[in-house]
Amino acid sequence: MSNPFVRIVEPLDPKQPLKKFFNLSKLEDVRYARLPFSIRILLEAAIRNCDEFLVKKGDVENILNWKVMQHKNVEVPFKPARVILQDFTGVPAVVDFAAMRDAVKRLGGDPENINPVCPADLVIDHSIQVDFNRQSDSLQKNQDLEFERNKERFEFLKWGSQAFKNLRIIPPGSGIIHQVNLEYLARVVMDQDGYYYPDSVVGTDSHTTMIDGLGVLGWGVGGIEAEAVMLGQPISMVLPEVVGYKLVGNPQPLVTSTDIVLTITKHLRQVGVVGKFVEFFGPGVAQLSIADRATIANMCPEYGATAAYFPVDDISIGYLIQTGRDKEKVMYTKRYLEAVGMLRDFKNSSQDPDFTQVVELDLHSVVPCCSGPKRPQDKVAVSDMKMDFESCLGAKQGFKGFQIAPDRHNSIVKFNFEGRDFELAHGSVVIAAITSCTNTSNPSVMLGAGLLAKKAVEAGLTVKPYIKTSLSPGSGVVTYYLRESGVMRYLSQLGFDVVGYGCMTCIGNSGPLPESVVEAITQGDLVAVGVLSGNRNFEGRVHPNTRANYLASPPLVIAYAIAGTVRIDFEKEPLGINASGKKIFLKDIWPTRNEIQAVERQFVIPGMFKEVYQKIETVNKAWNALDVPSDKLYSWNPKSTYIKSPPFFDGLTLALQTPKTIEDAYVLLNFGDSVTTDHISPAGNIARNSPAARYLTSRGLTPREFNSYGSRRGNDAVMVRGTFANIRLVNKFIDKQGPQTIHFPSGEIVDVFDAAERYKQAGHPLIVLAGKEYGAGSSRDWAAKGPFLLGVKAVLAESYERIHRSNLVGMGVIPLQYLPGEDAGTLGLTGRERYTIIIPEKLKPQMNVQIKLDTGKTFHAIMRFDTDVELTYFHNGGILNYMIRKMAS
């Protein structure tokens, strides 16, 4: 049948050949005009790629009654236009593809069927570390060391770019995935085979949502799910609720986009938006640049939503021109959006859609702030920072507490650094990093930081030499306009030299601190501080020796670096005293919005974007020099400690295995709330006394060669040993932080991996108990792959973050959720029981299943397979097994 939702629009320009434009419905249908813009794009993609969606769901009128559809849990088969990956998640994806080709060949199919069918861009940005800083050649040294450590991984990725069609690799040193997507890769409107349709994207990084700021619907998915999308499988999702977030008013002169997003993050965590879309509207949106909107959209995972969408308006169109996009294509983008009623005017309230809920923020109410010391949603006004940190010192161990004895709050440790004597105390800043796509994509805050640095230097202020300062821009464009505007040299004078183009400190690649600093922190058991312009500050993520970490705007990062402590009230206390004895306050050097905007207008121009991006794929000479084989099947090197064929498909047959009841499972770990994917599968350094370190040592490596967990995600032997290896892990079975648990048959306290191995050898299945927001944070697939390889069959939690639940489903691990009003406490669970989880023969989405304990107690939990498609994956033992069987047959 013909699709009743396709609308043909005649050529916009008579001189051009006929173009066809997709649209959901007749524009005159008032119900279509009331749909949230994000839902229009979601449904358009579902219909464009999947006509059977209409047939399956019957009455086409229901699509316009989307609120009715939500309550019916209607599944939407969403096929995004593109997929983006970064190397920490991209390497394991390409490893899986290579192994899947081997598996398809073993099952008698054509291995080349395993190939991306939609455009996929992989940006290498997670490998570089801040090994060198405060040196004019830091950038080159860090890039050289990156290549030395990761050459084998890079060779593998370059092989993948040749072996697989539709897979493009953006080489190391080019920038951060989300900023490159915003400034270069994003189309906004796709033009393919004579059709225009909205751009949409999913990515193997939770901050893929950054692109929503430009009007491209996108979000992060698990690496496993992304692999299936690349192979042509739609994402099956329940039609989400859409929370309308209304912005009104004008920001105060001293407020930055970082302050706005930290305020929104706290607000939306309180509202509760997990599993929902957030769509921004209201006249306040028109006050925000695309970089401001992208900053807000970037931190969507921190407030828990699936997407944080800003519809396209004239400011979006202007940004496309400013960043050097082809003007003719931009013209057709605008005319297409006008033709289908999707060009937004935020000042016109008659365009405001119907939302399932509306919340509001007056931008004028936002004040300068930071977030911390352990979570992005814990916003602290800058005026309260000193008092808040000091209250955290003595508070009970938790998200806002360090439990330091009162008599130790003013402890001071003296140390020597480069021949000079210094002191450290609780609250001393030891890392100050301008990092992350969240903020470095925004010229206003970056130029603001540069102008503040200029005024600080001119006022005679300095940064103590032991503080690890760094600047890691998200693209070469940032360096370009900082240099052209004349502020780069002032940043360098304060220690903020460019150290690399990548995620770096934001993801824990912060490199080592000076040994004398580490000794002083350890000696005094000090709560040392990292201040960064990133998006995450979970425990153990930024650096093992910074127990407190605060998210802040780039100018505030510099301010706290100059102060040397977060125990300062900027209103009453000076940043420092210059050589003339004059007290310099923060207000003396803070640049005005007018100053920043004047510099931005002059120096952030289209030409620099074109110059940087026209050579992005060839600028890295070391990458160009890599010589790799052209074989379509990968030749695995058994000696490699980076790239290894995973065991996921060993013994896989075409026949399905019926899921079985999980009998007498032991609890491997017992958690509270907010266990993140960093806790489950850390990305940072490999501790020398860890199971992963012992494995690498047995393969002949020295600690200097360990690299990081993130860089070794192509090797399952390392990654399974690194599962639950975070040094800040809090397991209720143990009375201290650390990656250990009780092996109940022996009663011994051992490393988590060692306990799991003992259970596996004895044939005992395992489960994990958890509280709320299990799996918050990064979209790393190894947070599901690792537990699967440890023998974890199910997780029982109060609630899940969306991406991690999807990853568990993708690996065939059962996500169980307590019934409303119940949790481990109300049910009297200690985790020392043994659990039998009854798996019925006939399964349906979100059904209740029975759980029996060896104590005789019985209760029920929700099996969080949310759609029929997810149940199909479960019956196949996971999404990749399903794709292999599909391709092989």
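Trainee: Which residues does threonine 295 touch, not counting residues up to four places away in sequence?
Mentor: This is a predicted model. Threonine 295 sits in helix α11, residues 290-298. Leaving out residues up to four places away in sequence, Thr295 touches Ser257, Val261, Thr438, Asn439 and Asn442.

Trainee: Is threonine 295 buried or exposed?
Mentor: Its relative accessible area is 0%. Buried means under 20%. Therefore threonine 295 counts as buried.

Trainee: Which residues have the most contacts inside the largest nonpolar core?
Mentor: That core has 288 residues. Its largest share, 11 residues, comes from helix α6, residues 87-106. The residues with the most contacts inside the core are Phe280, Tyr560 and Tyr774.

Trainee: What does tyrosine 560 touch, not counting residues up to four places away in sequence?
Mentor: Tyr560 is among the residues with the most contacts inside the largest nonpolar core. Setting aside residues up to four places away in sequence, its partners are Cys370, Val382, Met385, Val429, Val531, Thr565, Val566, Ile568 and Phe570.

Trainee: How many residues are in the second, separate core?
Mentor: Ile686, Ala692, Ala693 and Ala725 are included in it. The size of this second core is 11 residues.

Trainee: Why does aspartate 388 count as buried?
Mentor: Asp388 lies in helix α15, residues 385-394. The cut-off for buried is under 20% relative accessible area. Aspartate 388 counts as buried because its relative accessibility is 17%.

Trainee: Which element supplies the largest share of the lining of the second largest pocket?
Mentor: The pocket holds about 1200 Å³ of space. Elements α5 (66-71), α9 (223-230), β10 (235-238), α31 (802-810) and α33 (868-875) each give at least two lining residues. The largest share is six residues, and it comes from α31.

Trainee: Which lining residues lie nearest the centre of the second largest pocket?
Mentor: The lining has 48 residues. By class, 20 are nonpolar, 15 polar and 13 charged. Nearest the centre are Val238, Gly275, Arg805, Arg864 and Asp866.

Trainee: Which peptide bond is cis, with omega near 10 degrees?
Mentor: Most peptide bonds are trans. Look in the loop between β15 (369-371) and β16 (379-381), where proline 373 lies. The cis bond runs from glycine 372 to proline 373.

Trainee: What is the phi of glutamine 403?
Mentor: Most residues other than glycine have a negative phi. Gln403 lies in the loop between α15 and β17 (412-417). Its phi is positive, near 55 degrees.

Trainee: Is methionine 504 buried or exposed?
Mentor: Met504 is in the loop between α19 (488-493) and α20 (515-524). It has a positive phi of about 50 degrees, although it is not a glycine. Its relative accessibility is 0%, so methionine 504 counts as buried.

Trainee: How far apart are the end C-alpha atoms of residues 693-818?
Mentor: An unreviewed UniProt entry annotates this span as "domain: Aconitase A/isopropylmalate dehydratase small subunit swivel". The span is 32% helix and 18% strand. Its end C-alpha atoms lie apart by 37 Å.

Methods:
Residues are numbered from 1 along each chain as its sequence is written. This is a predicted model: local features need pLDDT of at least 70, side-chain atom pairs count only at pLDDT 80 or more; totals for chains, interfaces and linings use all residues. Side-chain values use heavy atoms; hydrogens and water are left out. A nonpolar core is a set of buried Ala, Val, Leu, Ile, Met, Phe, Trp, Tyr and Cys residues joined through side-chain atoms within 4.5 Å. Buried means under 20% relative accessible area, exposed over 50%, partly exposed in between (1.4 Å probe, protein chains only). Helices (H or I, at least four residues) and strands (E, at least two) are DSSP runs, numbered from the N terminus. Contact means heavy atoms within 4.5 Å. UniProt positions are given in the numbering used here, feature names are shortened, and annotations may be inferred rather than shown by experiment. On a 1 Å grid over the protein atoms alone, a cavity is a set of points where a 1.4 Å probe fits but cannot get out, and a pocket is an open set with protein on both sides within 12 Å along at least five of seven lines; lining residues have an atom within 4 Å of a point. Grid points are joined across faces, edges and corners, and a volume is the space filled by probe spheres set on the points. Ala, Val, Leu, Ile, Met, Phe, Trp, Tyr, Cys and Pro count as nonpolar, Asp, Glu, Lys and Arg as charged, and the others, Gly among them, as polar.
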